[in-house]
Amino acid sequence: MALSPLALPGADLLFDPGFLSETEAAALLASLSAEVAWEQRTIRLFGQQFPQPRLTAWYGSAEARYTYSGLTWEPRPWTPTLLALRQRLETATGARFNSVLLNLYRDGRDSMGWHADDEPELGPAPTIASLSLGATRRFRLRPRSGLVHPPLSVDLASGSLLLMRGATQQHWQHALPKTTRPLGPRLNLTFRWVAGSDGRLLSFRLNSCATAIDYAGRTD
Ligand SMILES: O=C(O)CCC(=O)C(=O)O
Ligand SMILES: [Fe+2]
């Protein structure tokens, strides 16, 4: 299939519900679930530590150091599987990526809270390619202050590709809510370009007061 625009004011979104075939997506889910070094990180919020309600991993080129929810991550080196995927996504999108954040939502109790990917390392108008594998989950978008618009829901099925570009992160937040539906695991990869740690992009920080509030503990 092909990438086509999702109409949303102040955002630049492209969506391909079938970027990978079902078979390809299932094979990739199996290999990445096994070969990725998954971790459950903790997040500091209001002076307390909480386990993130999902497993994560960060891969990329050495310069792609990244600060996320108050944590600094050194990327693990690319694996052949991730490099091949990056190549494919660069060809399909015309963008360049030097890193990928992987999230594994083990079941419907795993989630990601409302945030925008507006860390200074990503620059003012990041292009983020989000590839989903496994269980279909509902991805929600809501406007940030200054924009009045109803929220948008997009069901991200296995093999789908969502491209967020331009001012999307400045005007919109997104989240992956919990669900009580019995679901298998879902793996999401967000390919990004992260500027080096020399601070080149710091002056472009536009949303300095944005918070990546991500507290949503599992109840088990
Ligand atoms: O799992 C998803 O679809 C969203 C992931 C996300 O927003 C992120 O990694 O920043
Ligand atoms: Fe995000």
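Reply: Two strands count as paired if DSSP finds at least two bridges between them. Helices (H or I, at least four residues) and strands (E, at least two) are DSSP runs, numbered from the N terminus. The model is predicted, so local features need pLDDT of at least 70 and side-chain atom pairs count only at pLDDT 80 or more, while totals for chains, interfaces and linings use all residues. Residues are numbered from 1 along each chain as its sequence is written, and chains are lettered from A and ligands numbered from 1 in the order in which they are written.

β15 in turn pairs with β8 (residues 99-105) through 7 antiparallel bridges, where Val100 is opposite Phe191.

These strands belong to an open antiparallel sheet of 7, ordered β1-β2-β13-β10-β15-β8-β5. β1 (4-6) and β5 (55-60) are the edges; each has a single partner strand, so one side of each lacks a neighbour in the sheet. Neighbouring strands are turned by 20° against each other on average, direction ignored. Helix α1 (residues 22-35) packs on the sheet and touches β10 and β15, its direction making about 95° with that of β10. Contact means C-beta atoms, placed from the backbone, within 7 Å; axes are lines fitted to C-alpha atoms, for helices over the stretch in contact, with angles from 0 to 180 degrees between N-to-C directions.

Notes: Two residues are in contact if their C-beta atoms, placed from the backbone, lie within 7 Å.
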